[in-house]
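Q: Could we go through this structure together, beginning with the aromatic side chains?

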Amino acid sequence: VWAYGLRNPWRCAFHPGGVDKGLLCGDVGQDLVEELNVVKAGQNYGWRFYEGRERTWPYVNDSAPSDMSWAAIEYTHEWMRGGSAVIAGHFYSDAGDNSCFHGRYLWGDHDGLLWVSSEGASGNYDFARLRPICAKNSPACTTDLGNIFSFAQDSKGESYILGSAGIYRVVPQSRCSLQCGSTEANPQGGGPLAVYGTGYGGGTTGPYQTGYWTSGSTVAPSG
């Protein structure tokens, strides 16, 4: 047995820093919480006692293992105002014009939500919400990806998003005259920075956001 306490791990990606940095895996929750875990040999990730950091019925009052490892990223369906199943992705490796994303982790949720994550010095991950926009000269495009099923990479390291609305390729931000954005400090302090991305030049923050991140995220139909 490699690791314990995972409920429904699906799609994993090795850290570009090497095997010793772990395997980042999505772990689909039961009712409340979705997780991404840095899976390492011998670690216990809490299920069936915990779903994320929430205790699970009927084990609410049972003694949980003391050596558990918490998720690198977790979110509840309620907090995200949507979401139903985490769709794990991969570390972006195309170092061309997409330097905004190079080395970052691209992932989403089945309900069409899309994020990119960066690893901090302590090994924790933040996550920034991305809003897809259509690249210039795309033959056909929609900003509604529908349900996201998976992510893929080709031999050149380019990234693709597989959704119910089609297969989309992430293209250089220069095709939309966008610049790499910056993540602003979390004004509430502590915990992961929950942010909202926009490619339209303006920051949009809802009641669940604590900052904003202007993204260089663009997608175009594959082909």
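**Rings, a loop lysine and the cores**

A: The charged end of R7 sits over the ring of W47, 5.5 Å from its centre; the criterion is NZ of Lys or CZ of Arg within 6 Å of the ring centre and within 35 degrees of the ring normal. This is a predicted model, in which local features need pLDDT of at least 70 and side-chain atom pairs count only at pLDDT 80 or more, while totals for chains, interfaces and linings use all residues. Residues are numbered from 1 along each chain as its sequence is written, and side-chain values use heavy atoms, with hydrogens and water left out.

Q: Which residue lies over the face of Y50?
A: That is R55, at 4.9 Å from the ring centre of Y50.

Q: And how many aromatic pairs are there?
A: Six are found in a search of the whole structure. Rings of Phe, Tyr and Trp (its six-membered ring) pair if their centres lie within 6.5 Å; planes under 30 degrees apart count as stacked, over 60 as edge-to-face and the rest as tilted. One of the pairs is Y50 with W70, edge-to-face at 5.1 Å centre to centre and 90° between the planes.

Q: What does the pair of Y50 and W70 tie together?
A: Y50 belongs to strand β4 (residues 50-51) and W70 to the loop between β5 (54-55) and β6 (73-76), so the pair ties together parts that are 20 residues apart in sequence. Strands (E, at least two residues) are DSSP runs numbered from the N terminus.

Q: Is Y50 buried or exposed?
A: Y50 is buried, at 16% relative accessible area, whereas W70 is partly exposed at 36%. Buried means under 20%, exposed over 50% and partly exposed in between (1.4 Å probe, protein chains only).

Q: Changing topic: where does K21 lie?
A: K21 is in the loop between β1 (9-14) and β2 (23-27), and is partly exposed at 38%. Leaving aside neighbours within four places in sequence, K21 is in contact (heavy atoms within 4.5 Å) with H15, V38, K40 and E119.

Q: What about the largest nonpolar core?
A: It has 17 residues, and L36, Y105 and W107 have the most contacts inside it. Such a core is a set of buried Ala, Val, Leu, Ile, Met, Phe, Trp, Tyr and Cys residues joined through side-chain atoms within 4.5 Å.

Q: Which strand gives the most to this core?
A: β7 does, with three residues. Apart from this core lies another, of 15 residues, among them Y92, C100, A128 and I148.

How values were computed: Helices (H or I, at least four residues) and strands (E, at least two) are DSSP runs, numbered from the N terminus.
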